[in-house]
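These are my notebook entries on one protein model. I wrote each entry after looking up a single matter in the structure.

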Amino acid sequence: MQEQTVQNLALILENRTDLWALQIQSGVPTRLSHLNLKNSVLWVVNANRQTTYVVGQLPESEIYDDVDFFTDTGRVLIKTLATFLPYTLPYPYPQSATPEHNLITQALQGKTHQQYRMDQQGDPYSLMSSTPLIIKGRIIGAIVLEQRMETLFSNNLNYFYRLIGIGALIFFIVIIGALINTASLSNRIIRLDNDVKRTFNIQGRLTDLIFTDSRGKVYRDELSDLRHHIYEMLKQLGAYERYLKQLPKTLRHEIHNPLNRLSMALSLLEKQQNEPNAQLNYAQHALEQLKQIISSLSEATSIEDSLHSQTPEPFPIGIMLEHYLENTKALHENWSIEYNNQLDRKTMVCGDGFMIEQLLDKLLSNAADFTDNKHPVFVDCYQQDNQVVINVINSGPFLPKGHEKQIFDGMTSIRTLNQDTQAHLGLGLYIVKLIADFHQGQTSAENITHYQGRAIQGVKFSVQLPVFKA
């Protein structure tokens, strides 16, 4: 394009010298569509290599035409990118700090030539083009045109910069939209997770259904469908849990009547028998076991319901344990209990003393069932840091491996023989855990071979309750 410009100027000088002379006199350069003399210089050189005419001036710094916001934005982005990814392609023309000597020489020899002028940093500053000036077949001089690099393709570059600016704006809007959408999804997932957590208590049981169903209110997407499905699942789970809670009470009520009639019939039959009947005794014993099973089924539910309705209050656990252990030792002489209560009489625990007594009843009953009677059942009560620790130790068989935590689950029993010949459903230690959780405490079980300097092979059950501080 620049080469064509200088050739056109040479033809004007050759064919329209009158037009060129008028323009020189008026001081207005020849206007060509590809020539921008705001950022370029035109030289006319004679055959003696002397400059006879100069028009235009190169600016000291880059000058840009007034453009819109998108073009400026695109230019800044490209310039910034160029600092990190510099242009490394080879330049198509020779490079020199003083290219005019070579250009004039080539032009006076009848050749059109182009060359870059380099700045102090070694980058192309401008592009120079020269062509011979021929009149009547004789070379009388040369025309040299020098133009700043950034204006060579100003229109095309501005169009390119504008596209980059618009694209950058669109990309920015898309990124902002994606971030807002991601933040919204993340927030909804967090709220979903928190709502599900609040629906279950620390024991993993379903509380009141406070899980809201927002389907169709704000969003209509996969996440809202998931929330709706979880809501429906929790509703069914809550209904099923309520059914299971009411089932023991319902069974107890419905089965008690025929059991009472059966018991009365067996009593009358026993009176009619003149001699003891072994089969009749077996039937009465089986009847008593059946009554005990029904009672055990409803016991855990009754305790859990009473815990929900109970308001915790601080009470002196040291005094309560002292009275309880004395009475238990007197009432159950066959249990062979030894206890050591080191708790201060002023030590307080927030909860319910009667429930703690039930907890100890279950632990001592379990210890008495599994003891081998080589050692008494030991009960140690003491304070460790801010915890009240109650340990119940019995000598006897170890817990099976892996049952240290599982044994506190409901309907879990490892009994092979019961000393009281009663049926057990594995609810005793489950009730222990329920009461300990109500008091914000912890339960644990472990096999031991020594305890406080004594060689005891057996099992230690431990309950830790937080001390109440006013």
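Entry 1: Is cysteine 350 buried, partly exposed or exposed? I noted first that the model is a predicted one. I found a relative accessible area of 28% for cysteine 350, so this residue is partly exposed, as the value lies between the limits of 20% and 50%. I then looked up cysteine 381, which is buried, with a relative accessible area of 0%. I also searched for disulfides, requiring two cysteine sulfur atoms within 2.5 Å, and the count came to zero.

Entry 2: the largest nonpolar core. I asked which members of this core touch the most other members. The core has 38 residues, and those with the most such neighbours are Ile317, Leu321, Leu359, Leu363, Leu364, Val388 and Phe461. I next recorded the elements that each supply at least two residues of this core: the helices α8 (317–331), α9 (353–370) and α11 (428–438), and the strands β10 (377–384), β11 (387–395) and β13 (454–466). The largest share, eight residues, comes from α9. Apart from this core I noted another one, of ten residues, which includes Val6, Ala10, Tyr53 and Leu145.

Entry 3: valine 388. I looked up the contacts of valine 388, leaving aside its neighbours within four places in sequence. Valine 388 is in contact with Ile317, Leu343, Thr347, Val349, Tyr382, Val463, Gln464, Leu465 and Val467.

Entry 4: the five-stranded sheet. In what order do the five strands of the open sheet lie? I read the order as β8-β10-β11-β13-β12, with mixed pairing. The edge strands are β8 (337–341) and β12 (442–451), each of which pairs on one side only. From one strand to the next, I recorded an average twist of 20°. I then examined β12 and β13, which run antiparallel and are joined by nine bridges. Within this pair, histidine 450 has alanine 455 of β13 as its bridge partner.

Entry 5: helices on the sheet. I found that α8 packs on the sheet and touches β8, β10, β11 and β13. The direction of α8 makes about 165° with that of β8. Helix α9 also packs on the sheet, touching β8, β10, β11 and β13. The direction of α9 makes about 20° with that of β11.

Entry 6: strands β1 and β2. I recorded five bridges between β1 (residues 40–46) and β2 (residues 51–56), which pair in the antiparallel sense. Valine 41 has glycine 56 of β2 as its bridge partner. The hairpin has four residues between the strands, and arginine 49 there takes a positive phi near 70°.

Entry 7: strand β6. Why do I describe β6 (residues 138–148) as largely enclosed by the rest of the structure? I do so because eight of its eleven residues are buried. I found seven bridges joining β6 to β1, with the two strands antiparallel; asparagine 46 stands opposite glycine 141 of β6. Strand β5 (residues 124–135) also pairs with β6 in the antiparallel sense, over ten bridges. In that pairing, serine 129 has leucine 145 of β6 as its bridge partner. Lastly, I noted that β5 and β6 form a hairpin with two residues between them, and that lysine 136 in the turn has a positive phi of about 55°.

Note on methods: Residues are numbered from 1 along each chain as its sequence is written. This is a predicted model: local features need pLDDT of at least 70, side-chain atom pairs count only at pLDDT 80 or more; totals for chains, interfaces and linings use all residues. Side-chain values use heavy atoms; hydrogens and water are left out. A nonpolar core is a set of buried Ala, Val, Leu, Ile, Met, Phe, Trp, Tyr and Cys residues joined through side-chain atoms within 4.5 Å. Buried means under 20% relative accessible area, exposed over 50%, partly exposed in between (1.4 Å probe, protein chains only). Contact means heavy atoms within 4.5 Å. Two strands pair if DSSP finds at least two bridges between them. Axes are lines fitted to C-alpha atoms, for helices over the stretch in contact, and angles run from 0 to 180 degrees between N-to-C directions.
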